[in-house]
Amino acid sequence: MKKILTVIAALSLLAISAGAQELGNFAFGRGPQVVSPEINGDKTTFRLNANYATIVNLVGAWMENPYGQGIPMTKGEGGVWEITIDTPSPEIYTYSFIVDGVVMSDPLNVFVQRDGSRYLSMLMVPGERTENYFEAKKQHGTVSHRWYTSKILGIDRRLTVYTPYGYEQNPNKKYPVLYLLHGAGGDEEAWSSMGRAAQILDNLIEKGLAEPMICVMPNGNPNQMAAQTLGLPTTEMDWRDPANRTSYVRSLCEEIVPFIEKNYRAIAKPSSRAIAGLSMGGGHTISASALYPNMFAYFCPLSAAGALTPEQAAALKKANPKLYWVACGNTDFLWKGSLELKKLLEDIQLPGFEFYESDGGHVWSNWRLYLNTLAPKLFK
């Protein structure tokens, strides 16, 4: 018996030792401990512990050419590569290291975002523009995933739902709903991961700048059940078939909206529904305004281009939307299309029409800005 207890004790110590060694490797790595990125006022330093590398470059979204070879880092003591740059203006930027020709994320940075199949490290520069992109001080909503069955698309599908602070505590309160759509290459996690939608809404609601609202972020790829990270099969879809051109918008309006209003405490009337989307999602928003002009009181296409027939424009005007908010960057490749939509809506004197011009192009820095600017205008 004594021998057995001795063996058990020895094995336990061995397991603890092995676990501690594994934890040590995971938490601290090998070699000198470094911090990256490190923001010190107007200077930011990036570091990478890569003793055996011969060339390491830094490439970031703040650079003039964010898709180039970047700028060289210098190898220092203990094989730690380092570079210090002028801190970019307040925004959220992505960056990577190029190590002997191989692109990699910053292994020391816990802040990452997923863009389709790419995971990118984030540099979050604080400031007035980004103050709502960080976690709220006290009041935090809940982000969850829900599944629904789409008869129109013939598959079960997943969507992301944000419910505001206090939703669970007050079972009698109902809320308006913003349907927030992503662009091409995105999925139901894009606005949460790259758009910081939950943080923006949390901050605006906590400050009293926006009405508490539910935010529904569907998957806009009609052949997908969910984000590709779930490893689920996709369906075959003939994009040349005219019936498929509006299948997702029909599913959104005829299936997703009723699903939300059945399963959440949503106010089921047009004045409490808003739809906004970027790029492809902006096109979906324009289509929704054409096909379902009376379903939403707020239409907000962002960095998008689209057209309305004279009949659709007349029906939209008759629906009398509270807001039709078109936003685009003046160097966006869809800028011309946005101006064409602007002219059309001005020509028909659409009620509630507003046009918002920003600097920059087809980038998330604009879309975060748009949501931060748009949300306070909803449900007033």
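G360 sits in the loop that joins β18 to α8 (364-374). Helices (H or I, at least four residues) and strands (E, at least two) are DSSP runs, numbered from the N terminus. The model is predicted, so local features need pLDDT of at least 70, side-chain atom pairs count only at pLDDT 80 or more, and totals for chains, interfaces and linings use all residues. Residues are numbered from 1 along each chain as its sequence is written, and side-chain values use heavy atoms, with hydrogens and water left out.

G360 counts as partly exposed because its relative accessibility is 29%. Buried means under 20% relative accessible area, exposed over 50%, and partly exposed in between (1.4 Å probe, protein chains only). Leaving aside residues up to four places away in sequence, G360 touches G329, N330, T331, D332 and N366. A contact here means heavy atoms within 4.5 Å. From G360 to F46 the C-alpha distance is 26 Å, and the two are 314 residues apart in sequence.

The protein chain holds 8 helices and 18 strands. Its C-alpha atoms fill a box of roughly 80 × 60 × 45 Å along the principal axes. Of its 380 residues, 49% count as buried. Among contacts with a separation of 6 or more, 72% join residues 24 or more positions apart.

Helix α7 covers residues 335-347. Its 13 residues should span 18 Å at 1.5 Å a residue, and the end C-alpha atoms are 18 Å apart, which agrees. The expected span is 1.5 Å times one less than the number of residues. The buried residues of α7 are W335, G337, S338, L341 and L345. They lie on the same side of α7, because they cover an arc of only 160° around the axis. The arc is that of the directions from the helix axis to the C-beta atoms. These buried residues pack against α5 (280-291), β16 (298-302), α6 (310-319), β17 (323-329) and β18 (353-358). The face turned away from the buried side carries the exposed residues K336, K343 and D347.

Q349 follows α7 and lies in the loop between α7 and β18. Its phi is positive, about 55°, although Q349 is not a glycine. Q349 counts as exposed because its relative accessibility is 62%. S303 also has a positive phi, of about 50°, and is not a glycine. It is found in the loop between β16 and α6. With a relative accessible area of 0%, S303 is buried.

A pair of aromatic rings is described by the distance of the centres and the angle of the planes. Rings of Phe, Tyr and Trp (its six-membered ring) pair if their centres lie within 6.5 Å; planes under 30 degrees apart count as stacked, over 60 as edge-to-face and the rest as tilted. The whole structure contains 18 aromatic pairs. One of them, Y167 with Y175, is tilted, with 5.5 Å from centre to centre and 40° between the planes. Y167 counts as buried at 9% relative accessibility. Y175 is buried too, with a relative accessible area of 2%. Elsewhere, ring pairs link F46, W62, Y93, Y95 and F97 into a cluster.

Lysines also lie over aromatic faces. A charge sits over a ring if NZ of Lys or CZ of Arg is within 6 Å of the ring centre and within 35 degrees of the ring normal. K173 lies over the face of Y175, at 5.2 Å from the ring centre. K342 lies over the face of F355, and its distance from the ring centre is 5.6 Å.

Four strands form an open sheet in the order β1-β2-β6-β5, with antiparallel pairing. The edges are β1 (38-40) and β5 (74-75), each with a single partner strand, so one side of each is left without a neighbour in the sheet. Two strands pair if DSSP finds at least two bridges between them. β1 and β2 (residues 43-49) pair in the antiparallel sense over 3 bridges. The bridge partner of N40 in β2 is K43. P37 is found in the loop between α1 (2-28) and β1. The peptide bond from S36 to P37 is cis, with omega near -10°.
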